Structure formats: C-alpha cells, structure tokens
Amino acid sequence: MVTRQGYREAMARFGAAVSVVTTDGPAGRHGFTASAVCSVTDDPPTLLVCVNRQNDSHPALLDNGVLCINTLAADQQEISAVFAGGEPDTAGRFVHGDWYTLDTGAPALHGAVVSFDCRVAQVTEIGTHSVIFASVLAIRHGSVDDGLVYFGRSYHPVRRPMSVK
Ligand SMILES: Cc1cc2nc3c(=O)[nH]c(=O)nc-3n(C[C@H](O)[C@H](O)[C@H](O)COP(=O)(O)O)c2cc1C
C-alpha cells in the first residue's frame, strides 16, 4: 500500500523544471509556482499543468481560459518562492519581476528561460487536482542560459549546453 506520505517522499526524488503559471482576464490576474508541467504532444502543440483545486488561482485559470507557463531561470528562485505563497496577495506577487503579454493577455515574465502562452483546451479532474491541457498559441525564448530545477526539496541551477539554441 502506497501512502500519501510515501508518494510525496518518492516525488521529492523526481527533479522537475520550475514554472510560474499565470492567467488574466475577466476573472482577474493570478499566478502560482508549478513543477507539474509536462509536454503532451507537438501536434497540436500541447502542454499539461496539474493545479490543486484549493489554489486561489484555480477558478481564475478555468474562467479566463488562458494561461502563460513561464519556465524560470536559475536567478529567479525568489520569484518561485513569491508565487508559491511567500507573498499571499495575488496583486503583490506581480510586483516581483517584469511582466509583458504575448497573444492571450496572460502575464509573461521577462528573464524566463521560455514562456508558453496558451489557451485551455481540456480539463480533467483527478483526486485533489485539475489537469489542464493547454494549447500553445505563442512561444517566447529567453536569452538566459541557466534553468532552474526543483529536486530533493531544493532548487538547483542547470546549465544549457552551448550547442542547444
Ligand atoms: C517548486 C514548487 C512546485 C510546485 N508545483 C505545484 C504544481 O505543480 N501544482 C500546484 O497546484 N501547486 C504547486 N506548488 C504549490 C503552489 O505554488 C502553492 O500552493 C501556491 O501558494 C498556490 O498559490 P495560489 O493559492 O495563490 O494559487 C508548487 C510549489 C513549489 C515551491
């Protein structure tokens, strides 16, 4: 029998990129830190993000129907902490970082390794979370070299090989 705690301990060994997922629209501007982001398919370009239904941003993500997945650079740990609840106030979170918009109006982060501007395509509920399948409408590559990985309950910089654009 795998317990919830046992599963969490195991997932602490599962390294993953760190992103800040944002939304904006009639339901307001929100954002939170996420590592449960995964590519689904390149045809059509689709990502998934797993969102706890208790997150303050959960209703706005679904109501606005748009999101931007900003994959953080090594020097953006502080932004990760802010959007993981270090700053409880949503408006206060966006004081940190420089923001702009791509196609959907969801906030994109200057200095991110890459930003995926998306529309919600499909949502599946499982346990405590909603799995949001997101169609990618626009992509912006950052000019930074070092990405950020969360592994063993702490942040680690990772260097992009010179050969990879
Ligand atoms: C490294 C890291 C990764 C996280 N990944 C996720 C995730 O994939 N999905 C999620 O729902 N919460 C994730 N969280 C937790 C949320 O960021 C946190 O609960 C946040 O306060 C939610 O904000 P909100 O309630 O204002 O929307 C993660 C936190 C950290 C530090």
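**Exercise 1.** How far does a backbone N or O atom of N52 lie from an oxygen atom of the ligand?

*Solution.* The model is predicted. Start with N52: one of its backbone N or O atoms lies 2.8 Å from a ligand oxygen. The cut-off for a polar contact is 3.5 Å, so this pair counts. Next take A36, where a polar backbone atom is 2.9 Å from an oxygen atom of the ligand. Then take S35: a backbone N or O atom lies 3.0 Å from a nitrogen atom of the ligand. Finally, consider cover. On its own the ligand has 660 Å² of accessible area, and the protein covers 80% of it.

**Exercise 2.** Describe the shell around the ligand by elements and by residue class.

*Solution.* Count first: 18 residues surround the ligand. The closest are T33, C50, N52, D56 and S57. Now assign elements. β3 (30-34), β5 (45-52) and α3 (77-86) each give at least two shell residues. Then sort by class: 9 are nonpolar, 7 polar and 2 charged.

**Exercise 3.** Classify the ring pair F83 and F94, and say which parts it ties together.

*Solution.* Two values describe a pair of aromatic rings: the distance of the centres and the angle of the planes. The model has 4 aromatic pairs. For F83 and F94, the ring centres are 5.1 Å apart and the planes stand at 85 degrees, so the pair is edge-to-face. Now locate the partners. F83 lies in helix α3, and F94 in the loop between α4 (90-93) and β7 (99-101), so the pair ties together parts 11 residues apart in sequence.

Conventions:
Residues are numbered from 1 along each chain as its sequence is written. This is a predicted model: local features need pLDDT of at least 70, side-chain atom pairs count only at pLDDT 80 or more; totals for chains, interfaces and linings use all residues. Side-chain values use heavy atoms; hydrogens and water are left out. A residue is near a molecule or strand if one of its heavy atoms lies within 4 Å of it. A polar contact is a pair of N or O atoms within 3.5 Å; within protein, one must be able to donate a hydrogen and the other to accept it, and residues adjacent in sequence count only if both atoms are side-chain atoms. Accessible areas come from the Shrake-Rupley method with a 1.4 Å probe; for residues, only the protein chains shown count as cover. Helices (H or I, at least four residues) and strands (E, at least two) are DSSP runs, numbered from the N terminus. Ala, Val, Leu, Ile, Met, Phe, Trp, Tyr, Cys and Pro count as nonpolar, Asp, Glu, Lys and Arg as charged, and the others, Gly among them, as polar. Rings of Phe, Tyr and Trp (its six-membered ring) pair if their centres lie within 6.5 Å; planes under 30 degrees apart count as stacked, over 60 as edge-to-face and the rest as tilted.
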